[in-house]
Amino acid sequence: MKRKPRLDEQSALNSAKGTIDIKAPPFYVLYYAIDLEKAKLWNEMYAEGILIDVLREDTTISRLKYKPIFPTSPRDLCIVGGIREVKGTGLITAVNSVKHPNCPEDEKFVRAEATNGGFVILPDSLDKVKCSTTYLTQVDLKGRLPTFVVNKVISVQPAAVAKLRDLVESDYRKLSSSEKSKWLEMTMGEFLSIRMATLGVKPTSPETDDDDEIGSEENSKPDNEEGEEEEGEEGE
């Protein structure tokens with residue numbers, strides 16, 4: 001029999017948004033935003049990301065693990081992620097939960113559900129080395145959560161984009177002039193080749209169409225070389 005939620009508990013649905021200007025080219029910001037390892041450096045709730053499948057160069061399936069907040073259980077997600085370049089506008093990533101045979105639920109985690117999320121990276125019209133970056137996330141962590149846990153998650157997610165900015169700007173400043181020029185002039189095709197090399201996948205040069213639907217989420221890496229939790233007792 002399920003117990004009634006306490007007054008100090010809230011729904012596990014978490015939505016957050018953060019926008020910030022970053023002094024770096026759009027593709028350089030994108031590289032850091034979607035890298036599964038680098039996410040550990042700017043999202044304090046994130047524990048680990050595992051590549052599950054590559055559907056095409058701009059679309060992948062990944063498992064994301066997140067740290068628990070006592071007394072809740074750790075959460076994980078199985079998401080399909082895609083990236084698109086909207087000509088004349090900017091770069092967009094989108095993620096949604098998906099089921100995959102190589103990404104089964106793990107009894108050590110509560111499987112959350114991403115209903116929306118991603119990045120919108122818009123170049124500055126007056127400064128090529130600057131872009132506006134918005135981080136959106138909407139995740140159902142499943143169950144009822146203590147209010148302090150919900151507040152923790154809500155406060156951390158918008159702040160994550162500020163940490164991303166600090167990381168990106170710091171590393172970009174360390175690049176040589178030629179390296180900076182490479183990222184300033186980069187095309188989507190070049191970026192996808194770099195991304196596939198980083199993932200250890202041989203590029204397949206798929207057709208990319210701006211009108212394709214997106215799910216969610218490197219020949220050379222940047223030379224200076226992407227969550228939620230909860231728990232609550234859901235029932236007995």
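**View A. Helix 1 passes helix 5 in a right-handed crossing.** Welcome to this predicted model. The two partners here are helix 1, residues 26-34, and helix 5, residues 188-199. Their axes come within 11 Å of each other and cross at roughly 30°. Angles under 35 degrees count as roughly parallel, and helix 1 and helix 5 are therefore described that way.

**View B. Here are the residues through which helix 1 and helix 5 make their contact.** From helix 1 come F27, L30, Y31 and I34. Helix 5 brings M188, F191, I194, R195 and T198. Sorted by class, the contact has seven nonpolar residues, one polar residue and one charged residue. Arg counts as charged, so R195 of helix 5 is the charged one.

**View C. Helix 1 is largely enclosed by the rest of the structure.**

**View D. C78 and C131 are two buried cysteines.** Buried means under 20% relative accessible area. C78 has 1% relative accessibility, so C78 counts as buried. For C131 the relative accessible area is 0%, and C131 is buried too. How many disulfides does the model contain? The count comes to zero.

Note on methods
Residues numbered from 1 in each chain as written. Predicted model: local features only at pLDDT ≥ 70, side-chain atom pairs only at ≥ 80, totals over all residues. Heavy atoms only, no water. Buried < 20%, exposed > 50% of the residue type's maximum accessible area, 1.4 Å probe, protein only. Helix = DSSP H or I, 4+ residues; strand = E, 2+ residues; numbered from the N terminus. Disulfide = S-S within 2.5 Å. Axes fitted to C-alpha atoms, helices over the stretch in contact; angles between N-to-C directions. Parallel < 35°, antiparallel > 145°, perpendicular 65-115°, else oblique. Left-handed = near helix turned anticlockwise from the far one by under 90°. Contact = heavy atoms within 4.5 Å.
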